[in-house]
Amino acid sequence: MMKKLLQHGFIYLVLAFLYLPILILAFYSFTDATMIGQVRGFSLDNYVTLFTKDELISMMLGTVLLALGVALLSTILGTLGAIGAFYSKKGIRGTVELLNEIPIVNADVVTGFSVCIFLIVMCHMDKGTFIPLVVAQTALCAPFVYLSITPRLKMMDHSLYEAALDLGCKPRQALMKVVIPQIRPGIVSGFMTAITLSLDDYFIATYTKPATFDTISTYVVNATRGSQTEIKTALWALSAILFIVVVGSVVYMNISASRKGEERA
Amino acid sequence: MNKFHFDRKHLTIPYLLYLAVFVVVPLLVVIYYGFTDSEGHISFTNFVAFFCNTKTMGTLLYSLVLAIIVTIICLLLAYPVAYILAKGEYSRKHSFLMVFVLPMWINFTLRVTALKEILTLLEGNLAFHPFLNTVIGMVYDFLPFMIMPLYNALTKLDNSMIEASRDLGANGRQTFLKVILPLSVPGIISGITMVFLPAMTNYVVLDMVYNSTYIMGSLIGSYFSSYDWNNGSLISAVLLILIGLFTILTNRMAGDKDSRERGRV
């Protein structure tokens with residue numbers, strides 16, 4: 001009895017630690033308080049500011065477009081890389097796997113800074129082209145796509161590919177119609193991982209982004225240094241919205257995953 | 001002349017090239033810049049200066065101490081959570097883990113902003129406890145990354161092992177120390193890698209709670225702002241060496257290949 005109570009108590013304490021700050025901030029985003037703890041009335045001003053101020057809109061839009069672009073590029077590179085490596089000789093596969101580990105274990109600060117030194121300082125590439133930013137974030141995200149594809153390839157029924165070839169498919173067709181559908185869950189989860197990594201990234205963006213472009217992370221960090229209360233509280237609204245979006249998508253994925261499980265069973 | 005034939009294994013070529021050009025080359029360039037002066041001559045001045053300067057050595061020490069404390073606290077909080085979720089009161093509710101890892105998909109700068117507001121309310125002025133606030137901020141940021149690998153290791157652990165140990169007369173403490181803990185070592189190691197390196201380099205958390213002491217990451221950030229590429233590269237090279245040693249050490253201890261789960265969906 002005592003043990004049960006302790007277990008529940010501990011779980012809920014840690015949950016409170018993880019969630020209370022976000023929830024309290026979300027609560028205050030619906031008031032016109034400028035600091036947490038102030039008693040003020042209900043107001044949607046923060047949400048109005050968030051969706052009417054140009055720099056906030058372009059910052060959010062830019063972050064999302066960047067994440068989509070990087071995730072798409074990472075998914076294509078990582079998926080093809082994983083399929084190719086899977087059927088390659090041991091030496092090649094080992095090399096790809098080794099190089100794939102580097103961005104994963106490396107600190108993001110170093111990944112971002114090294115691409116900055118190579119492309120911007122050494123090759124004099126213009127930051128304004130977004131190429132260094134996309135290249136560096138893809139270098140971080142593609143290895144995670146690769147890792148989510150590999151287990152699917154191992155589980156795959158390989159005779160189906162051979163059968164497709166025997167039945168007259170060209171290798172390219174067999175790949176698109178047989179292999180890709182079988183590893184689709186891995187591709188989807190790799191794409192989602194790439195999106196969240198890009199959305200969360202601060203360090204790579206700081207070192208490689210164009211000077212006038214901001215992602216959510218770089219914008220928030222600059223805003224905490226500044227003293228504009230209007231911006232500060234508008235960001236509370238953004239964090240409330242992101243929280244709801246993340247909770248929503250996790251619940252949705254869980255429901256659809258359990259439905260699929262039932263269908264199979 | 002042989003005509004080029006499409007083969008599945010060729011699919012890995014673009015990815016291999018991408019990793020070589022945008023991961024390996026930038027790191028080599030960083031090492032080169034770290035050991036040259038601003039005129040491009042090979043020089044060990046920066047290297048020697050780093051290890052002979054009490055300020056930079058202090059930074060290294062501070063980051064190590066901070067990272068060790070944050071890692072230990074994360075481990076002490078995450079292990080019971082992972083255990084209760086995997087083997088205790090909640091072991092039948094698999095989706096409950098989602099609640100603990102969900103925060104890692106919310107942008108970390110926004111989450112730390114939320115925590116900062118709460119800490120400001122509680123402490124009045126964040127400047128009084130810079131170290132404490134940094135530790136709280138990092139634990140808050142990294143805890144989900146520690147819970148996930150521990151949970152995965154503990155769910156894989158066969159219940160019959162625990163039952164066997166009890167049947168053979170071990171008490172609860174002995175079972176934990178001699179069976180559960182040793183078998184969860186891969187999860188512990190993988191959790192440590194997820195927390196330790198970010199804790200040495202994620203200087204944004206320090207910035208946001210107004211801790212003006214430098215960690216290794218802040219050094220790169222400040223050299224970047226002053227366009228001192230050589231010194232910035234040297235710090236990156238030092239971090240690379242540390243990360244390399246750390247990875248070799250943890251790989252040897254864990255022997256578990258698929259242990260990287262950052263941002264997995």
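**Around one phenylalanine**

Author: Let's start with Phe113(A): leaving aside neighbours within four places in sequence, Phe113(A) is in contact (heavy atoms within 4.5 Å) with Tyr207(A), Ile220(B), Phe224(B), Trp229(B), Gly232(B), Ser233(B) and Ser236(B). Keep in mind that this is a predicted model, where local features need pLDDT of at least 70 and side-chain atom pairs pLDDT 80 or more, while totals for chains, interfaces and linings use all residues. Residues are numbered from 1 along each chain as its sequence is written, chains are lettered from A and ligands numbered from 1 in the order written, and side-chain values use heavy atoms, without hydrogens and water.

Reader: Is Phe113(A) buried or exposed?

Author: Phe113(A) is part of helix 5 of chain A (helices are DSSP runs of H or I with at least four residues, strands runs of E with at least two, numbered from the N terminus). The labels go by relative accessible area: under 20% is buried, over 50% exposed, and in between partly exposed, using a 1.4 Å probe and protein chains only. Phe113(A) comes out at 0%, so the label is buried.

Reader: Which residues do ring pairs link into a cluster with Phe113(A)?

Author: Rings of Phe, Tyr and Trp (its six-membered ring) pair if their centres lie within 6.5 Å; planes under 30 degrees apart are stacked, over 60 edge-to-face, and the rest tilted. Going by that rule, ring pairs join Phe113(A) to Tyr207(A), Phe224(B), Tyr227(B) and Trp229(B).

Reader: What is the relative accessible area of Tyr227(B)?

Author: Tyr227(B) sits in the loop between helix 11 (216–225) and helix 12 (229–254) of chain B. Its phi is positive, about 55 degrees, although Tyr227(B) is not a glycine. Tyr227(B) counts as exposed because its relative accessible area is 62%.

Reader: Where is His124(A), which also has a positive phi?

Author: Phi of His124(A) is near 55 degrees, and this residue isn't a glycine either. His124(A) is exposed, since its relative accessible area is 67%. You'll find His124(A) in the loop between helix 5 (108–122) and helix 6 (131–155) of chain A.

Reader: Why is the pair of Tyr202(A) and Phe203(A) given its label?

Author: The whole structure has 24 aromatic pairs over all chains. In this one, the ring centres are 5.2 Å apart and the planes stand at 90 degrees, so the pair is edge-to-face. Tyr202(A) is buried at 5% relative accessibility, and Phe203(A) is buried too, with 5%.

Reader: How many residues apart are Tyr62(B) and Phe131(B)?

Author: Their rings also make an edge-to-face pair, 5.7 Å centre to centre with 75 degrees between the planes. Tyr62(B) belongs to helix 3 (residues 54–86) of chain B and Phe131(B) to helix 6 (residues 130–156) of chain B, so the pair links distant parts of the chain by the helix numbering.

Reader: What area is buried between chain A and chain B?

Author: In contact are 94 residues of chain A and 81 residues of chain B. Buried area is the accessible area (1.4 Å probe) that two parts lose on being put together, summed over both. Carbon and sulfur atoms give 76% of it, and the total is about 8100 Å².

Reader: Which side chains meet in a salt bridge at 2.6 Å?

Author: A salt bridge is a side-chain nitrogen of Lys or Arg within 4 Å of a carboxyl oxygen of Asp or Glu. The rule finds 2 of them across the interface of chain A and chain B. The one at 2.6 Å, N to O, joins Asp207(B) and Arg225(A).
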